[in-house]
Amino acid sequence: MERFLCIHGHFYQPPRENPWLESVEIQDSAYPYHDWNERITAECYAPNTASRNLDDEGRIKGIISNYARISFNFGATLLSWMEKHTPDTYRAIQAADRQSTIWRSGHGAALAQVYNHVIMPLASLRDKQTQVRWGIRDFEYRFQRFPEGMWLAETAVDMETLEVLAKAGIRFTILAPHQAGRVRRIGAGRWKDVSGSRIDPTQAYLCRLPSGRSISIFFYDGPISQAVAFEKLLGSGELFASRLMSGFSDNCSHHQLVHIATDGETYGHHHAFGEMALGHALNHIEINGLARLTNYGEYLEIYPASHEVQIVENSSWSCMHGIERWRNDCGCNSGVNGGWNQKWRKPLRDAMDWLSDRLAAGYEEAATGYLKEPWEVRNEYIDVMLDRSEENVAAFLQRHSLFPLDEDASVAVLSLLEMQRHAMLMYTSCGWFFDELSGLETVQIIQYAGRAIQLAEKCCLDDIEVPFLERLALAGSNIPELEDGAGIYAKFVKPVMIDLIRVGAHYAVSFLFEEYGEETDIFSYRAFREDSLILHAGQMRLAIGRIFIRSSITRKADRISFCTLYFGGHALNCGVRSFLGEDKYLATRQEVVNAFNESDFAAIIRLMDTHFGTHTYSLKDLFRDKQRHILNLIIAGMVQEFEEKFMTLYENSRNLMGFLRETGMPMPHHFMTTAETALNLHLHKLFASVSIDIGELREVVNEIKGWNVAVDDVDLEFIIRHRLEGAMSVLLAQPENARQLSEVLQLAEAVKLLPFGVNLWQAQNMYWAMMQSRATEPGTTAGGSNGRISRSEEFINLGRLLFFNESVVLEATGGDV
């Protein structure tokens with residue numbers, strides 16, 4: 001009997017975008033990366049596109065995508081982020097699915113996912129349908145085919161969910177073994193109880209539905225999946241392969257499919273270099289003919305289900321109590337916060353359900369006046385979410401509206417649909433999964449609720465925030481000073497709520513520090529500068545102007561006038577208001593300019609109070625990323641002054657420090673602090689220079705080792721890695737550039753000297769790409785034929801420094817050295 005193997009990775013991150021800006025803001029906890037999406041992409045999603053095949057010495061023999069050889073799903077909201085921010089990884093994932101269709105009889109490795117990871121049994125039928133429709137359409141947009149299978153968030157399932165999947169054309173889904181209740185051979189009469197994970201996971205099952213439809217279900221191997229996630233199986237590729245093979249039975253009378261399912265982040269993020277163990281295990285199994293690698297679609301075509309199954313409804317893979325983790329204090333938590341409770345889950349769920357019902361009623365009543373079929377339009381709104389171009393939005397509105405919509409009506413309809421989008425996002429499962437109401441994931445879904453409320457109160461409902469907060473207040477925090485959900489809303493939601501005036505304030509404050517063009521994107525808004533003036537007087541600066549701001553999401557717009565007075569340092573005063581007309585604007589502008597020219601700054605403040613109101617804005621009101629950028633500009637001079645002083649102090653004291661060490665006298669703490677700071681700065685400056693002095697680098701590294709001072713390896717590694725990657729990128733584009741090859745080789749040699757490791761993954765990928773394209777074929781060089789040999793020698797040396805197997809490099813270069 002034939003043996004098949006399939007490994008499924010559920011790759012997912014909760015949506016992290018600021019609901020008002022539609023962008024992930026800087027997250028310091030992800031340092032040195034901008035945010036957690038970026039960090040986990042670097043640690044997991046990208047490495048799995050190019051897994052290493054190593055020789056016995058740990059040198060690279062080959063690079064291959066894991067994704068093409070496994071089964072996987074990516075969350076739609078995560079892929080949306082990847083498309084914008086890590087396009088190379090995004091395209092590699094798409095390419096892997098295309099490759100898998102070639103290898104697996106036309107069946108792709110990728111599965112769809114319910115759109116934003118809601119717990120489907122807890123969703124209304126209408127929301128279930130939207131989640132599936134959005135998930136399918138997003139998948140079609142990204143993978144250019146219809147999905148055969150769909151991943152359910154937390155594998156949470158009920159019969160109604162399976163009905164929705166089957167009606168939508170989904171052929172199969174994946175569940176945990178304990179979610180199977182009874183099985184029988186198709187056509188047989190007697191059912192067998194397999195509850196408690198006693199189902200045979202090595203085959204597909206058919207689930208017949210009340211409607212007469214059916215859907216296939218694969219129940220993954222529980223023990224092996226658990227071992228991958230929690231028993232350190234990924235420490236060795238061969239150990240991983242051996243454990244996978246243990247899932248086969250020599251006594252089985254049917255063709256067997258051993259398959260596992262885990263969080264995709266297991267392979268590289270939760271377990272460092274887990275993607276290499278995965279790749280090695282797949283290589284070992286394939287090369288030795290231990291099993292045939294497949295995916296679910298291919299296996300189902302070859303061996304359709306011979307047995308049918310009845311599921312355990314309202315169950316999931318991550319809650320032993322079914323689906324209670326997302327609505328009750330069931331006892332499921334991380335286990336690291338003893339003494340905390342999760343009693344907040346039920347009132348949070350109740351508050352969200354109450355709000356959802358109000359939003360649904362308000363949407364239906366308001367949208368009925370504009371749209372042919374409001375709920376079908378919500379299902380189709382995914383087409384706008386995927387393409388917000390003017391042409392596509394206009395065509396969408398024209399297709400679904402009862403009559404031609406003017407600008408105000410278009411804004412109203414788009415606002416209603418955005419309200420419903422956020423009503424979906426506020427049910428993202430991660431909001432209930434963890435231990436504390438004020439956790440990042442829970443605050444995120446409460447922010448989505450806040451955005452939905454803001455939109456609702458502007459377009460269809462009055463005063464729903466207060467009754468929502470009354471219900472949210474019943475959810476108590478484990479952190480006394482935060483009190484409850486209403487307190488968390490006041491602390492973490494209200495301050496980030498913005499409107500067009502707040503966007504105008506961001507523009508006005510940053511305008512003195514940035515060179516904005518006539519048109520400027522501010523996250524999900526676009527600003528058009530209509531008039532502006534900047535005046536200088538020593539450190540003092542004045543900016544006054546008029547802009548037109550428009551939301552790229554709802555198309556809501558406003559014309560805004562502003563005045564900003566900068567005193568130097570971080571002291572700044574800004575006034576913003578809706579435009580009151582040309583005459584009023586010009587008069588205000590002239591008064592303020594006159595006062596500035598007379599250096600009457602107190603008069604300017606009074607004029608700002610008069611014309612813009614007493615509510616002023618400052619650097620604190622900038623959106624987080626721009627705020628960080630501008631504060632760095634402000635402190636740059638002071639930081640440089642500090643750096644120069646530390647460098648000078650160290651140079652002046654190093655001989656004395658050496659003498660003190662010779663005498664055996666304990667080194668004063670201030671001396672060591674100075675040495676540590678200065679030597680780290682020296683490393684920074686060396687790698688920021690055009691050409692790296694290898695001799696000087698050796699001296700600095702020796703001093704670091706001699707004084708045994710700590711190195712800022714996280715920051716330095718990030719900087720050096722990107723310097724090397726940038727140089728490699730130029731070489732990849734200009735493979736005939738001998739000077740660039742020499743520069744890259746110098747950088748690689750410098751990296752080898754460092755007292756810490758540098759992540760060479762991307763540099764290695766580019767080197768591999770050059771080898772694959774035979775970029776070192778003969779070409780014109782300054783040294784003629786001898787120049788070619790010199791270049792090949794340098795290229796091979798670079799391969800050694802990047803840890804490539806030398807015979808593989810020699811083969812790629814034609815073996816001419």
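**Exercises on burial and surface in a predicted model**

Pro201 counts as buried, at 16% relative accessibility (buried is under 20% relative accessible area, exposed over 50%, partly exposed in between; 1.4 Å probe, protein chains only). The model is predicted, so local features need pLDDT of at least 70 and side-chain atom pairs pLDDT 80 or more, while totals for chains, interfaces and linings use all residues. Residues are numbered from 1 along each chain as its sequence is written, and side-chain values use heavy atoms, with hydrogens and water left out.

**Exercise 1.** Locate Pro201 and list its contacts (heavy atoms within 4.5 Å) beyond four places in sequence.

*Solution.* Step 1: Pro201 lies in the loop between β9 (192–193) and β10 (204–208); strands are DSSP runs of E, at least two residues, and helices runs of H or I, at least four, numbered from the N terminus. Step 2: the residues touched by Pro201 are Phe219, Tyr220, Asp221, Leu257 and His259.

**Exercise 2.** Describe the surroundings of Gln179.

*Solution.* Step 1: Gln179 belongs to the loop between β7 (172–175) and β8 (180–185). Step 2: its relative accessible area is 0%, so Gln179 is buried. Step 3: beyond four places in sequence, Gln179 touches residues including Thr155, Val157, Phe219 and Trp317. Step 4: a polar atom of the Gln179 side chain lies 2.7 Å from the backbone oxygen of Thr155.

**Exercise 3.** Classify Ile102 as buried or exposed.

*Solution.* Step 1: Ile102 is in helix α3 (residues 87–103). Step 2: its relative accessibility is 64%, so Ile102 counts as exposed.

Definitions and conventions
A polar contact is a pair of N or O atoms within 3.5 Å; within protein, one must be able to donate a hydrogen and the other to accept it, and residues adjacent in sequence count only if both atoms are side-chain atoms.
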